[in-house]
Amino acid sequence: MKANEILNKIKNIVGEKVNLSEEKIEMAEITLENGTVLVAESFEAGKSVFIKTEDEQIALPVGEYKLEEGKILVVTEEGLIDSIKEAAEEEVVEEELSEESEEVKETELEEEEKEEMNYVTKEEFTSAVEEIKAMIDEKLGNKEEMKEEVIEDTKEELSAVAPEPVKHNPEAEVDNKVNFHIASNRTQTTKDRVFDKIFNNN
């Protein structure tokens, strides 16, 4: 059952009849230069504006939109019309922008020329490479001297302390029994007993 039918049944029981009619609002349509259809109650400042699609209406994003009539629709807040202005205003703005862009291009060209003058010449490059090589040679020379000093120091230390040589004595008796018990207080398992017999740890 629809909501209207349910309300009518309730009103019949109560004794009043309800006449709910859906009011349809007439929406004005306007087409953009690219063919997109916009829908609004009226195209005035402060009114809601939507993009017309098959399924639903989508709020118009922020930006400026050219209409087929030659006017410009300005949206500063999503879905709300800020203003509709004439295209002539935009042409003036475009002329100002083109003048500014020419000035910017000129300054960029001047900067590029300055950058070109900052390139390194072949002589400057070779002298810089030679300086770097000299610095590297100095660093490596110091390291080689330090290595030689360390080697000499270690040789002196090794020659100063000469340990007595160890001699093997085959006649001396060596005790091969290992006399330590790990967890000797616990109950012995079969594995423990087998290992005791193998290692003679009685």
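Mentor: K85 counts as partly exposed, because its relative accessibility is 25% and that class sits between buried (under 20% relative accessible area) and exposed (over 50%), using a 1.4 Å probe and protein chains only. Keep in mind that this is a predicted model: local features need pLDDT of at least 70, side-chain atom pairs count only at pLDDT 80 or more, and totals for chains, interfaces and linings use all residues. Residues are numbered from 1 along each chain as its sequence is written, and side-chain values use heavy atoms, with hydrogens and water left out.

Now the partner: K85 makes a salt bridge with E64, with 3.6 Å between the closest N and O atoms; the rule asks for a side-chain nitrogen of Lys or Arg within 4 Å of a carboxyl oxygen of Asp or Glu. That links distant parts of the chain, since K85 is in strand β7 and E64 in strand β5, 21 residues apart. Strands here are DSSP E runs of at least two residues, numbered from the N terminus. E64 is partly exposed too, at 48% relative accessible area.

As for the sheet, it's an open, antiparallel one of three strands, ordered β5-β6-β7, where strands pair if DSSP finds at least two bridges between them. β5 pairs with β6 (residues 72-75) over four bridges, and G63 has V75 as its bridge partner in β6.
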